[in-house]
Amino acid sequence: MDIRSNADTAGGAAPSLAGSEAPTTATPTGRDGGREGNNKPKLQLPASCEPPQPGQPPAKQLVWIVRPFTNPLPFLITCILTISNQVFGGTGHMGRSLVKSILSHSDLVTTVGRVFETTPTQIATLNSDSCLGTLCDVRDYASVFKVIDKTLDRFGRIDCIANCSGYGVIGACEDQDDYEVRNQFETNFMGTLHILQASLPYFRQQNGGRYLIFSSTSGALGVPGLGPYCATKYAVEGLIEAMLYEVDSFGIKATLVEPGLVRRDEPAEITNSLPTWGHFLIKPASEAYSHATSPALHAKRMVQWLGDRQPTSAVKCAELVWQLGHCSYPPLRLLLGSYAIESIRDRLRSVTEELEDWKHLNFPVAPTEGEGGEGTKTGEGGDGDGQEEKEGDEGTIMVEGMSPDGGES
């Protein structure tokens, strides 16, 4: 996915979310007139959504809450920027990159770590004047509410909440047991719902707020080997779309961020004990699904083959998500990476083609030249039962006694 800045549309190479070089700083951009440190054009969201302009500070400092996107169990990280922000899942590779991008732009952030893998002592090392570190289990509403409360006590307000948390099991639908399926729904769907329910009263009261919910290309595609995980992401997408209709009058906005094949590309001094597939658990296949060419092993083959060669940069994605938090007119969905664009576009094309192939079952077929006259005469001829009209158009679902235009024949 190539995103051009205003200056780049006139000519020159477009910046890309891929990038082959390893980053040398916490963020890929700086306030240097829209250029990265190596003089490459800066990635910039379209001007139509009014993102912060290169070389200029944003109009408002935000407070963020960020929850990370990494491990098999849920955790919360909150980030606060020049605006007050929270990042749930801030200790995952995506959430961690987002927190760093937020702080590099002088916003305030609460970074939320997972209680199962991060100790209070570890999370406390993140505390500073601009960052509050705390722990949370998003499956527990009371735990999420405490994060909201702590952020308000520390920064006085919340402007943006980013939920980067997630958990998935790689394995055939038949092989995944009740605990594994429920845990994915508790983390991915109920965790998101708890964040919304805990923060919406505050956002309604201040008549504004922003949610950046990390979904996935799996929220638009059925991926073999990720059935229950896909189901949780489909559920999250439906939840956010419905909620936006309900809260539009309160000035609350939300964007579903759909990254595709994102790699960890932070500086080399950052150590991470997680495997490259991070927040996914690979479940051994049963005999029926264990042969080498089984479609159920597709997701496993993909993550193990890719390793750390995923084409989309987490650091560059984080920069765009930070811009998104400051946009005046955010999109409903932001797709990140060429894989996300191509796979979802192909999926939508397939759905459209299937609708066209089968629509004749529900709409009258237009009569060809020379066929319409006789049928009309029959309808006007006085039989009154419309039987001949029905038999003359076998390709259309039609009620006896009704004409094609819906009136009585």
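**View 1. Strand 8 and strand 12 lie side by side in this predicted model.** Strand 8 is joined to strand 12, which covers residues 333-336, by four bridges, and the two strands run parallel. Within this pairing, Leu256 stands opposite Arg333, a residue of strand 12.

**View 2. Strand 7 also pairs with strand 8.** Strand 7 spans residues 209-214, and its pairing with strand 8 is in the parallel sense, extending over six bridges. A residue pair to look for here is Tyr211 and Ala254, which stand opposite each other, with Ala254 belonging to strand 8.

**View 3. A helix takes part in a unit with strand 7 and strand 8.** Together with helix 5, which covers residues 227-247, these two strands make a β-α-β unit, and this unit is right-handed.

**View 4. Strand 8 is largely enclosed by the rest of the structure.** Strand 8 consists of eight residues, numbered 252-259, and seven of them are buried; because a residue counts as buried when its relative accessible area is under 20%, the strand can be described as largely enclosed.

View 5. Among the contacts with a separation of 6 or more, 66% are accounted for by residues 24 or more positions apart. The accessible surface of the protein comes to about 19,300 Å², and carbon and sulfur atoms contribute 53% of this area.

Key. Residues are numbered from 1 along each chain as its sequence is written. This is a predicted model: local features need pLDDT of at least 70, side-chain atom pairs count only at pLDDT 80 or more; totals for chains, interfaces and linings use all residues. Side-chain values use heavy atoms; hydrogens and water are left out. Buried means under 20% relative accessible area, exposed over 50%, partly exposed in between (1.4 Å probe, protein chains only). Two strands pair if DSSP finds at least two bridges between them. A crossover is right-handed if, with the strands pointing away from the viewer, the path from the first strand over the helix to the second runs clockwise. Contact means heavy atoms within 4.5 Å. Accessible areas come from the Shrake-Rupley method with a 1.4 Å probe; for residues, only the protein chains shown count as cover.
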